[in-house]
Amino acid sequence: MLPDLNTLSDFRNALAQAPAADAAARSACEARNGQLTKPPGALGQLEEIAIWYGSWRKTDRPEIETPQVIVFAGNHGVTARGVSAFPSEVTVQMVANFKAGGAAINQLARLAGARMDVHALDLERPTADFTREPAMSEADLLQALQTGWSAVHSDTDLLVVGEMGIGNTTSAAAICNALYGGVASDWTGRGTGVGDDALSLKTQVVAEAVALHDSRDGLDVLRCLGGREVAAMAGAIAAARIRRIPVILDGFICCAAAACLVEISDHALDHAIAGHQSAEGGHQALLSRLGKSPLLSLGLRLGEGSGAALAIQVLKGALACHSCMATFAEAGVSDG
Ligand SMILES: O=C(O)c1ccc[n+]([C@@H]2O[C@H](COP(=O)([O-])O)[C@@H](O)[C@H]2O)c1
Ligand SMILES: Cc1cc2nc[nH]c2cc1C
């Protein structure tokens, strides 16, 4: 059961009290992994991700049966500063495309056998331009967190959260710069494909935004510099943590949302792995701050949950081997 989320303190408390992975299931998974018909470690990272998944699902024979992909969409006031290669109308147009089944994420979710849900958050009411004032009020932040919190289906056994929001790579860069410091150019990339002049302007916009807000913690950074879809992703990742549902993180914006959670509670992302490394400048540094190594690195920079949805197949491969291979004893193969 998910606790009620009526205040921002409820969110902080629920995350702080979230249960850990199951230690006994982890030991059982490690023991089984050691008996499978392969040289020790020969399945590389697949071995650890199968053990990780089994320890959250409390079984040494894990399977993925009901994966869920959720795409959250939001609009950003900061687009008035000319930070994206595309106009804000694309956000609502792409939501229609998701609903009609025509986007990349529809194809990848279907291939992964995942249900897909789309939540558009107040698209006609963009967040405030965060170079002038906080992007959201506390009430708006809470509402966006609640949308994510309640979007995770009760039977989901693996969650991918994705986003659509013209301007949101500026928001994600500002979040990273506020959380981790450095200079704005460390975190600012080309997003949908801005040219050199727009990239310098975007970097300046990120620097101005970070200088304006003196945010107190991860939730305040999310409120001042985030967006509704970014906060909804954080809400969904947190709800999954509380219900012990493993999560595959997507690209730069998804990971920026996730990073805000770690600033609230150290173990907030223990249930999450990185699906891929996006081509967006800053994602590699962000993954290393989160201590996550990506399963895939294919130069994707789409968002929508696409890289994470593709990585479901890798995790399914890991679980198929872990749960269905024969042991040395069963197959009559001599162990070394
Ligand atoms: O996931 C990523 O790493 C990623 C990198 C670059 C762009 N995007 C997508 O592009 C949009 C944001 O780009 P921009 O240039 O409008 O800030 C948004 O809809 C994201 O889903 C996503
Ligand atoms: C067309 C388009 C599709 C997207 N999907 C996620 N972000 C996007 C940005 C654009 C511009």
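**View 1. The shell around ligand 1.** Ligand 1 has 24 residues around it, and Ser 84, Gly 191, Gly 251, Ser 278 and Gly 303 come nearest. Strand 3 (158-164), helix 7 (168-180) and helix 12 (252-262) each give two or more residues to this shell, with the largest share, three residues, coming from helix 7. Helices (H or I, at least four residues) and strands (E, at least two) are DSSP runs, numbered from the N terminus. "Around" here is a C-beta matter: that atom, placed from the backbone, lies within 6 Å of the molecule. This is a predicted model, where local features need pLDDT of at least 70, side-chain atom pairs count only at pLDDT 80 or more, and totals for chains, interfaces and linings use all residues. Residues are numbered from 1 along each chain as its sequence is written, while chains are lettered from A and ligands numbered from 1 in the order in which they are written.

**View 2. The shell around ligand 2.** Here you'll find Phe 86, Val 90, Met 94, Met 164, Thr 192, Leu 302, Gly 303 and Glu 304.

**View 3. Ala 256 and its contacts.** Skipping neighbours within four places in sequence, Ala 256 is in contact (C-beta atoms, placed from the backbone, within 7 Å) with Ala 172, Ile 175, Cys 176, Val 230 and Leu 286.

**View 4. Helix 2 against helix 3.** Helix 2 (residues 23-35) packs on helix 3 (residues 45-57) at about 145°, with the axes 8 Å apart. Axes are lines fitted to C-alpha atoms over the stretch in contact, and angles run from 0 to 180 degrees between N-to-C directions. Helix 2 brings Ala 25, Arg 26, Cys 29, Glu 30 and Asn 33 to the contact, and helix 3 brings Glu 47, Ala 50, Ile 51, Gly 54 and Ser 55.

Definitions and conventions:
Two residues are in contact if their C-beta atoms, placed from the backbone, lie within 7 Å.
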